[in-house]
Amino acid sequence: MGQLPLGARVSTAVAARPALGRDLRALLAELMKLEHITGGLVVAPDGLVIAADLPREVEAEPLSALAATLGRELELRGPQLRRGTFPMAQFASVSGTAFLGSTPVGFIVLLGEPQADNDAVRTALRAAVGTVYRAWAR
Amino acid sequence: MVFARIWHRLGGRRRRPPTSAQMFRQAQRLRDEGRFEDAAELVADALIREPGSVVGHLLAGSLHMTLRESGQARTSFERVLALEATQPRALLGLARLALEDGEAKTCRDLLSRALARYPDFPEARALLDVARDLAPSADPKRAATPVLVPPAIPVATAARMPAVTTAPTPAATQAPAAKSATLADRLRLPTESREALFMRPDATLVFAEPRGPRTEAVAARAVKLARIATAVLARSGFGPLRHAVIEGAAETTYLRTDDAALLTLAFDRDVTAATAVSHLERVWGSCRSELA
């Protein structure tokens, strides 16, 4: 038994170019301004956190691992779908909703209270996903 | 002239080939900038110079996962484990790939190995909770293969609703299509619905319309998706999954679930959310009444 090697720990902030859609932390900060959104993160498909703004009681590392797994599961639902080919999904419980959008660099996750306007959040997330797609297109 | 000579020497020094460690660092920078293909190329070059680099193979695995190249990612992580048998990120990477492939047991084994060595590994623990919850019948790979023994269905339910299984019950064998049609009538499935699936939490199908050779696998994948989503919600401080909306390229899937059942209805993208949700709630009510 032992401590995880230093390199095995998740880096909480990966530097991104400060261009439109490339600064994922700024993008997340914009999405966090939506009403009744309490947390969010951007996670790479390998589960590493790119940016996170979560309530104190929510641990970023396990959530990022699960969010990436969920994102990949959604991408793999259709055999013809591959890289970043589903726009988004929302998963609701009685106490809150998780919104997930897929981009070439990873998945954007937003956490919302039950009062959150699902349509408004989806519209904003769709726009953010589109911005990332355009910014990271080769 | 003297300045030019000094500049030339400095330039000459700069042109010295970088070490593999420098190349890995540069690849990490490229990765952080989102230049994944460039990073992967650089890592591949560096690994030719230093084929025994754990860092290099780990970075390669991570990049392949980011590029959604699962097979190559698996190879990279396996190389890491050949060099360092308990490398936690490689074990986690392979476990995630196993879960993607529907190999829940392999996933559990890999995560258990990681946690035996590093008990404080929150990502591995979170994923293990999901893999542990996945019943064998919720494994899409198994579901795609015909089974010999039908899953156990409570008598009361079997009498009212024919379970759609690859090895049907004798009653279902007699006229499954007719019974299914009757049930479809009772449930009043919306005409706009492209696909309707109603199943138990262990992915046992109760009803499917239409039913095809891949229906069981689709149902198993829906259950697996619901399990992972429930884990995401739990880690976010929320309760268990009740509703989901999944937008695909051609259709949108609406999901309704509780502890005892799961219903999915797929609609074309042009069906409004309000209409779809209204259909979903009505059919869900009918399904739950039938199951009661």
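This is a predicted model: local features need pLDDT of at least 70, side-chain atom pairs count only at pLDDT 80 or more; totals for chains, interfaces and linings use all residues.
Chain B contains 14 helices and five strands. Buried residues account for 50% of its 292 residues. Contacts in chain B between residues at least 6 apart in sequence were also examined. Of these, 51% join residues at least 24 apart.

The two chains share an interface. On one side are 55 residues of chain B, in contact with 62 residues of chain A. The area buried between the chains is about 5100 Å². Carbon and sulfur atoms give 58% of that area. Within chain B, the residues that lose the most area to chain A are B:R68, B:R96 and B:E247. Together they make up 16% of what the chain B side buries.

Polar interactions cross the interface as well. Between chain B and chain A there are 19 residue pairs in polar contact, both residues at pLDDT 80 or more. Several elements of chain B each supply at least two residues of the side that touches chain A. Among them are the helices α2 (20–32), α6 (88–100) and α13 (215–235), and the strand β3 (243–247). The largest share, nine residues, comes from α13(B). By class, this side of chain B has 27 nonpolar, nine polar and 19 charged residues.

Over all chains, the salt bridges number 23. Seven salt bridges cross the interface of chain B and chain A. In one, the side chains of A:D46 and B:R31 meet at 2.6 Å, N to O. A:D46 lies in the loop between β1 and β2 of chain A, and B:R31 lies in helix α2 of chain B, so the pair joins two chains. Both A:D46 and B:R31 are buried.

A salt bridge also links the side chains of A:E73 and B:K224, at 3.2 Å, N to O. Here A:E73 belongs to helix α2 (residues 60–75) of chain A and B:K224 to helix α13 of chain B, so this pair too joins two chains. A:E73 and B:K224 are buried. The side chains of A:R72 and B:E100 form a salt bridge at 3.0 Å, N to O.

Strand pairing also joins the chains. Strand β3 (residues 88–92) of chain A and β3(B) run antiparallel, joined by five bridges. Within this pairing, A:Q90 stands opposite B:V245 of β3(B).

Within chain B, a salt bridge forms between the side chains of B:D258 and B:R288, at 2.8 Å, N to O. This pair links distant parts of the chain, 30 residues apart. B:D258 sits in the loop between β4 (251–257) and β5 (262–268) of chain B, and B:R288 in helix α14 (residues 273–291) of chain B. B:D258 has a relative accessible area of 22% and is therefore partly exposed. B:R288 is likewise partly exposed, with a relative accessible area of 24%. Elsewhere, salt bridges that share partners join A:D119, A:R122, A:R126, B:E247 and B:R269 into one network.

In chain A, strand β1 (37–43) is mostly covered, with six of its seven residues buried. β1(A) pairs with strand β5 (residues 106–112) of chain A in the antiparallel sense, over six bridges. In this pairing, A:I37 has A:G112 in β5(A) as its bridge partner. β1(A) also runs antiparallel to strand β2 (residues 49–53) of chain A, joined by four bridges. There, A:V42 has A:A51 in β2(A) as its bridge partner. β1(A) and β2(A) form a hairpin with five residues between them. In the turn, A:G47 has a positive phi of about 95°.

Positive phi values also occur in residues other than glycine. Phi of A:H36 is near 65°. A:H36 is found in the loop between α1 (24–31) and β1 of chain A. Its relative accessibility is 30%, so A:H36 counts as partly exposed. Phi of B:R68 is near 60°. B:R68 is placed in the loop between α4 and α5 (70–83) of chain B. At 4% relative accessibility, B:R68 counts as buried.

Chain B also has a cis peptide bond. It joins B:E209 and B:P210, with omega about -5°. B:P210 lies in the loop between β2 (205–209) and α13 of chain B.

Notes. Residues are numbered from 1 along each chain as its sequence is written. Chains are lettered from A and ligands numbered from 1 in the order in which they are written. Side-chain values use heavy atoms; hydrogens and water are left out. Contact means heavy atoms within 4.5 Å. Buried area is the accessible area (1.4 Å probe) that two parts lose on being put together, summed over both. A salt bridge is a side-chain nitrogen of Lys or Arg within 4 Å of a carboxyl oxygen of Asp or Glu. A polar contact is a pair of N or O atoms within 3.5 Å; within protein, one must be able to donate a hydrogen and the other to accept it, and residues adjacent in sequence count only if both atoms are side-chain atoms. Ala, Val, Leu, Ile, Met, Phe, Trp, Tyr, Cys and Pro count as nonpolar, Asp, Glu, Lys and Arg as charged, and the others, Gly among them, as polar. Two strands pair if DSSP finds at least two bridges between them. Buried means under 20% relative accessible area, exposed over 50%, partly exposed in between (1.4 Å probe, protein chains only).
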